[in-house]
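Please read this briefing alongside the sequence and the model.

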Amino acid sequence: MSALSVFAPAKINLALHVIGQREDGYHLLDSLVAFAPVGDRLTLRPAEGFSMTVSGPEAQGVPTDHSNLVLKAAALFAAHTGMTGGVAFHLEKNLPAASGIGGGSSDAAAAIRGLLQMGFGDASSVQARVLGQLGAALTRLGADIPMCLSPEPQRAQGVGDDLTAATLPPLPCLLVNPRVGVATPAVFKALIQKDNPWITTPPQFADAQDCIAWLAVQRNDLQPPAIATAPVIATVLETLAALPGCRLTRMSGSGATCFALFATPAEARAAETALRASRPEWWCTEGTLGDQRAASAPRPAFNVAQISRG
Ligand SMILES: C[C@](O)(CO)[C@H](O)COP(=O)(O)OP(=O)(O)OC[C@H]1O[C@@H](n2ccc(N)nc2=O)[C@H](O)[C@@H]1O
Ligand SMILES: Nc1ncnc2c1ncn2[C@@H]1O[C@H](COP(=O)(O)OP(=O)(O)OP(=O)(O)O)[C@@H](O)[C@H]1O
């Protein structure tokens, strides 16, 4: 068996409404999610046991031991499927960690897609029931993992694990992180109002401008508590809003990464050039949001949707 390379795209919460809280403390969400053409790259090579190396521009501080979400997800996969053999993972880290764009969760989901694609797991045991149990365990590992298993536009409800495919037009986007790590639990803890209104059901959008007009009346309820935790996020949003052609600005996930949407890719590219010149210390990259399934990995032998919606 040869090596397999799997793309782990950035996840963007175009809208993120917090609509309640469960007794165990987890929050109930209603979020519209899309994926960017920028992301990490995970390579899987058959080996004895599981191991992990990390390289790339954002590798510093990313664990290479069993605390990496890639190795944790692989261990869960092995426990649930009876997988024999092992894999040497290599992670090329391009996304800043702890930044609200799903980095570790997207890497973990890429590991699961890769293991399925390589044919690991006892085929007879990888049935709907096993995949459902694995899905529940992966949600406990990272609430963003289920939505990253199939990197396509989707509405995420429940604690992030109740997924419905959504149709979105291509959305030209600029992603910006001010290089401040934000801890997700701290932001949820700082959220005062837990029972906010739901998302209105997304209609069919004629084009990017139509979608942006609809998004403008949605929210990210974690934005105010994240700004209270890391005030620089407000500066990022103000800076993005002042860029020529910017139609909408918002924070993704629990921050600190923010995004700006544009009507055309040319406007997004021009905005990236301008921002790189004025704020060279910030991480920024442009790309068109949408469906990254084709780029992420060949389709695995088993239905990934069974895990993510299990
Ligand atoms: C903010 C989002 O990124 C939106 O997509 C996710 O809800 C967070 O996903 P994640 O980073 O994978 O989060 P996890 O590592 O599973 O959870 C970190 C912590 O965030 C809080 N958490 C997470 C998800 C959720 N629905 N409710 C919560 O209250 C819990 O305190 C949890 O212990
Ligand atoms: N593969 C990984 N990539 C990045 N961080 C990882 C990974 N595995 C474990 N971690 C640890 O998880 C922490 C959170 O990183 P991650 O990139 O998942 O952030 P996040 O903001 O929780 O993402 P999101 O909220 O969008 O799901 C990091 O500080 C790091 O110590």
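How far apart do the end C-alpha atoms of residues 215-277 lie, and what percentage of the span is helix and what percentage strand? The end C-alpha atoms of residues 215-277 lie 29 Å apart, and the span is 49% helix and 13% strand, where helices (H or I, at least four residues) and strands (E, at least two) are DSSP runs numbered from the N terminus. This is a predicted model, in which local features need pLDDT of at least 70 and side-chain atom pairs count only at pLDDT 80 or more, while totals for chains, interfaces and linings use all residues. Residues are numbered from 1 along each chain as its sequence is written, and chains are lettered from A and ligands numbered from 1 in the order in which they are written.

**Domains and their contact**

- The protein is divided into domain 1 (4-164 + 302-308) and domain 2 (171-289), with bounds that come from an automatic or database domain assignment.
- The C-alpha centres of domain 1 and domain 2 lie 23 Å apart, and 27 residues of domain 1 are in contact with 36 residues of domain 2, contact meaning that the C-beta atoms of two residues, placed from the backbone, lie within 7 Å.
- On the side of domain 1 that touches domain 2, strand 1 gives the most, with eleven residues.
- That side of domain 1 divides into 17 nonpolar, eight polar and two charged residues; here Ala, Val, Leu, Ile, Met, Phe, Trp, Tyr, Cys and Pro count as nonpolar, Asp, Glu, Lys and Arg as charged, and the others, Gly among them, as polar.

- Of the 18 residues around ligand 1, H27, G142, A143, D144 and G253 come nearest, a residue being near a molecule if its C-beta atom, placed from the backbone, lies within 6 Å of it.
- Strand 1 (4-21), strand 2 (27-47) and helix 5 (184-190) each supply at least two residues of the shell around ligand 1, and this shell draws at least three residues from each of domain 1 and domain 2.
- By class, the shell around ligand 1 has seven nonpolar, ten polar and one charged residues.

- Of the 20 residues around ligand 2, L69, G103, G104, D107 and D144 come nearest.
- Helix 1 (69-81) and helix 2 (103-117) each supply at least two residues of the shell around ligand 2, and helix 2 gives the most, with four residues.
- The shell around ligand 2 divides into seven nonpolar, eleven polar and two charged residues, and at least three residues come from each of domain 1 and domain 2.

**Annotated positions**

- An unreviewed UniProt entry lists residues 215-277 as "domain: GHMP kinase C-terminal"; UniProt positions are given in the numbering used here, feature names are shortened, and annotations may be inferred rather than shown by experiment.
- The UniProt entry, which is unreviewed, also lists residues under "binding site", including A97 and G104.
- A97 is found in the loop between strand 4 (86-92) and helix 2, and A97 counts as partly exposed because it has 16 C-beta neighbours inside 10 Å.
- Leaving aside neighbours within four places in sequence, A97 is in contact with E58, G61, V62, G103, G104 and G181.
- G104 lies in helix 2 and is buried, with 27 other C-beta atoms within 10 Å; a residue is buried if 20 or more other C-beta atoms lie within 10 Å of its own, exposed if 12 or fewer, and partly exposed in between, with C-beta atoms placed from the backbone.
- Not counting residues up to four places away in sequence, G104 touches L69, A97 and G142.
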